[in-house]
Amino acid sequence: MQKLKLAIQKKGRLSDESIKLINECDISFPDSSGKLVSAAYEFPMEILFLRDDDIPDYVQDGVADLGIVGQNVLVESDKDVDEVIKMGFGKCRLSLAVPRNMDYTSVNDLSQKAIATSYPKILQNYLDSKNIKAEIHVISGSVEIAPSIGLADAICDIVSTGSTLLSNGLKEVEQIFQSEAVLVKHKGLSREKEAILQQLLFRLESVKRAQKNKYILLNAPNQSLEKIISLLPGINSPTVQPLAKEGWSSVHSVITEKDFWEKIQRLKEAGAEGILVMPIEKLIY
Ligand code: PRT
Ligand code: ZN
């Protein structure tokens, strides 16, 4: 039987989350430390541990069938692979930043300036779209120090919290690209591998859906039941069971994480008591 080869980052910001998500799909594999490849137990899959920059290339060439990689790396690599799903982690943005004391009003201020980056293609596309000519200096690491050592007037780099920019005396002036980790696949997988991928996607979707939802249990006075149920638009209508206590019911439902605290507040105001909220492991429709 063929095995699906999934490439993930060996060591870095995407490694732990990638492994966690695979494990939550009930796919486990032996300790990977120091290894290049590890075969999963009880699922036809092998995990390849690579540098993130190599993943698009390996997937394009079919050395790996699938890969988990940041969209920033994927787009910059310009490789011919298919994006399958967004993974929901590794979120960041690629931004332009300038020294804090620079008078900046618009991106036109960067015309004829030197910009340091590890993402020359994405930056060039952005500058072209704004009709701006600037000089791009490609550097592979510590881009944020380029202005202070006189190497560039501005930088284009990954930003997450913004604290790296702050501590280097820079300010973020334009967000040019939003990124998160994505699952990519080789074009032209065999039918057998495509079938394994569908099994993997089924599990991934149910895990990701579960992460976005919570199981909620509460006690409601019967006279408020209608109001409380209207606040709980779950996947199905909520389960309502009478409590031993006269005039009260227990209500079970699934609610989304979005506006979670606001919903809880409204449930309380409607008379709900003993609200219990639990994580969901898998959610299958
Ligand atoms: O060794 P390998 O080549 O595999 O790893 P790497 O060092 O190239 O990548 P790594 O592990 O740093 O990042 C992997 C991926 O995580 C990136 O390609 C992004 O898709 C994603 N990601 C998410 C980030 C960040 N957040 C992030 N904050 N990648 C980098 N950063 C860096 C950024 O370069 C800057 O130096 O963090 C700093 C900014 O962070 P804040 O929080 O101070 O703004
Ligand atoms: Zn890298």
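Okay, so the chain splits into domain 1 (4-89 + 180-210), domain 2 (92-179) and domain 3 (213-279), with bounds from an automatic or database domain assignment. Before I go on: this is a predicted model, where local features need pLDDT of at least 70 and side-chain atom pairs count only at pLDDT 80 or more, while totals for chains, interfaces and linings use all residues. Residues are numbered from 1 along each chain as its sequence is written, chains are lettered from A and ligands numbered from 1 in the order in which they are written, and side-chain values use heavy atoms, with hydrogens and water left out.

The C-alpha centres of domain 1 and domain 3 are 38 Å apart.

Let's start with the six-stranded sheet. When I say helix (H or I, at least four residues) or strand (E, at least two), those are DSSP runs numbered from the N terminus, and two strands pair if DSSP finds at least two bridges between them. This sheet is open and mixed, in the order S2-S3-S1-S4-S11-S5. Strand S2 (37-39) and strand S5 (82-86) each have a single partner, so one side of each has no neighbour in the sheet. The twist from one strand to the next averages 25°. S5 and strand S11 (residues 181-185) run antiparallel, joined by four bridges, and Ile85 sits opposite Leu183 in S11.

Now the helices on that sheet. Contact here means heavy atoms within 4.5 Å; axes are lines fitted to C-alpha atoms, for helices over the stretch in contact, and angles run from 0 to 180 degrees between N-to-C directions. Helix H6 (residues 191-211) lies across S1, S3, S4, S5 and S11, at about 25° to S5.

So where are the greasy bits? A nonpolar core is a set of buried Ala, Val, Leu, Ile, Met, Phe, Trp, Tyr and Cys residues joined through side-chain atoms within 4.5 Å. Buried is under 20% relative accessible area, exposed is over 50%, and partly exposed is in between, using a 1.4 Å probe and protein chains only. The largest core has 31 residues, and Leu96, Leu110, Ile115 and Ile176 make the most contacts inside it. Helix H4 (120-129) is among the elements supplying at least two residues each, and H4 gives the most, with four. Domain 1 and domain 2 both contribute, so this core lies between them. Leu110, for one, touches residues including Leu96, Val98, Ile115 and Ala154, not counting residues up to four places away in sequence. There's also a second, separate core of 28 residues, which includes Ile8, Leu21, Met45 and Leu200.

On to the other sheet. It's open, with four strands in the order S13-S14-S12-S15 and antiparallel pairing. Strand S13 (239-242) and S15 are the edges, each pairing on one side only. S12 and S14 run antiparallel, joined by nine bridges, and Leu217 faces His252 in S14.

Helix H8 (residues 260-269) has Phe260, Lys263, Ile264 and Leu267 buried. Down the axis of H8, those fall within an arc of 100°, so they line one face; the arc is that of the directions from the helix axis to the C-beta atoms. The face turned away carries exposed Trp261 and Glu269. And what covers the buried side? The cover includes strand S12 (213-221), helix H7 (225-230), strand S14 (248-256) and strand S15 (273-279). H8 lies across S12, S14 and S15, at about 155° to S15. Just after H8, Gly271 has a positive phi of about 110°.
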